[in-house]
Amino acid sequence: MGFFSKSNKSSSENTGTTIIAEGTHMKGGIDTQGSVYIDGKFEGVISSESSINIGTTGEFIGEIKSKSITVNGIVDGIINSDDIVILEEGKIIGKICYQSLSIEPNGVFEGEGKMRNSTLVSKYDQLNITQ
């Protein structure tokens, strides 16, 4: 039960949103069951049982683990998320691991991507190409 709440819900049932506002620069780590919204700059590690949103003025450098992430700003680092959405102003640079990936027109992903539980196997390395 919260200090100002008349509810009998336990604190583990009360999950809120962590907001890093535009003009804010933070370094460190966040471990939450709630969601995270970044419009400022964050450097470090974020683990969320819910969603992470990087707004148009948001910048993240580091490692993210989440249920879902929507990027409309910049992410530079490693993302491990069930669902990754890159909106038209979004940019991801680095490594991603996902179950579903969506990139809108003008959205950018530059790096290495791996779909979880994928059965696809590349045969490119088996080619013997000489020029």
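Student: How many aromatic pairs does the rule give here?
Tutor: The count comes to one aromatic pair. The rule takes rings of Phe, Tyr and Trp (its six-membered ring) and pairs them if their centres lie within 6.5 Å; planes under 30 degrees apart count as stacked, over 60 as edge-to-face and the rest as tilted. Please bear in mind that this is a predicted model, in which local features need pLDDT of at least 70 and side-chain atom pairs count only at pLDDT 80 or more, while totals for chains, interfaces and linings use all residues. Residues are numbered from 1 along each chain as its sequence is written, and side-chain values use heavy atoms, with hydrogens and water left out.

Student: Why is the pair of Phe-42 and Phe-60 called stacked?
Tutor: The ring centres of Phe-42 and Phe-60 are 5.8 Å apart and their planes stand at 5°, so the pair is stacked. Phe-42 belongs to strand 4 (residues 41-54) and Phe-60 to strand 5, 18 residues apart, and the pair links distant parts of the chain. Strands (E, at least two residues) and helices (H or I, at least four) are DSSP runs, numbered from the N terminus.

Student: What makes Phe-42 buried?
Tutor: Buried means under 20% relative accessible area, exposed over 50%, and partly exposed in between (1.4 Å probe, protein chains only). Phe-42 has a relative accessible area of 1%, so Phe-42 is buried.

Student: What is the confidence of the chain as a whole?
Tutor: The mean pLDDT is 90, and 89% of the residues reach 70 or more. Here pLDDT is the predictor's confidence in each residue, from 0 to 100. Over residues 1-12 the pLDDT is below 50, and this stretch has seven contacts in the model beyond near neighbours in sequence. Contact means heavy atoms within 4.5 Å.

Student: How many salt bridges does a search of the whole structure find?
Tutor: The search finds three. A salt bridge is a side-chain nitrogen of Lys or Arg within 4 Å of a carboxyl oxygen of Asp or Glu.

Student: What makes Asp-82 and Lys-67 a salt bridge?
Tutor: Their side chains meet at 3.1 Å, N to O, and the limit is 4 Å, so the pair qualifies. Asp-82 lies in strand 6 (residues 74-86) and Lys-67 in strand 5 (residues 59-71), so the pair ties together parts that are 15 residues apart in sequence.

Student: Is Asp-82 buried or exposed?
Tutor: Asp-82 has 15% relative accessibility and therefore counts as buried. Lys-67, with a relative accessible area of 46%, is partly exposed.

Student: Which residue forms a salt bridge with Arg-116?
Tutor: Arg-116 forms a salt bridge with Asp-82, the closest N and O atoms being 2.5 Å apart. Arg-116 lies in the segment after strand 9 (108-115) and Asp-82 in strand 6, so this pair ties together parts that are 34 residues apart in sequence. Arg-116 has 23% relative accessibility and so counts as partly exposed. Lys-67, Asp-82 and Arg-116 are linked in a network of salt bridges.

Student: Where is Ser-81, and what does it contact?
Tutor: Ser-81 lies in strand 6. Leaving aside neighbours within four places in sequence, its contacts include Lys-67 and Arg-116. With a relative accessible area of 0%, Ser-81 is buried.

Student: Which side chain makes a polar contact with that of Ser-35?
Tutor: The side chain of Thr-17 does so, at 2.9 Å. A polar contact is a pair of N or O atoms within 3.5 Å; within protein, one must be able to donate a hydrogen and the other to accept it, and residues adjacent in sequence count only if both atoms are side-chain atoms. Ser-35 is placed in strand 3 (residues 35-38), and at 15% relative accessibility it counts as buried.

Student: What is the phi of Asn-106?
Tutor: Phi of Asn-106 is near 75°, a positive value in a residue other than glycine. Most residues other than glycine have a negative phi. Asn-106 sits in the loop between strand 8 (100-103) and strand 9, and its relative accessible area of 65% makes it exposed.
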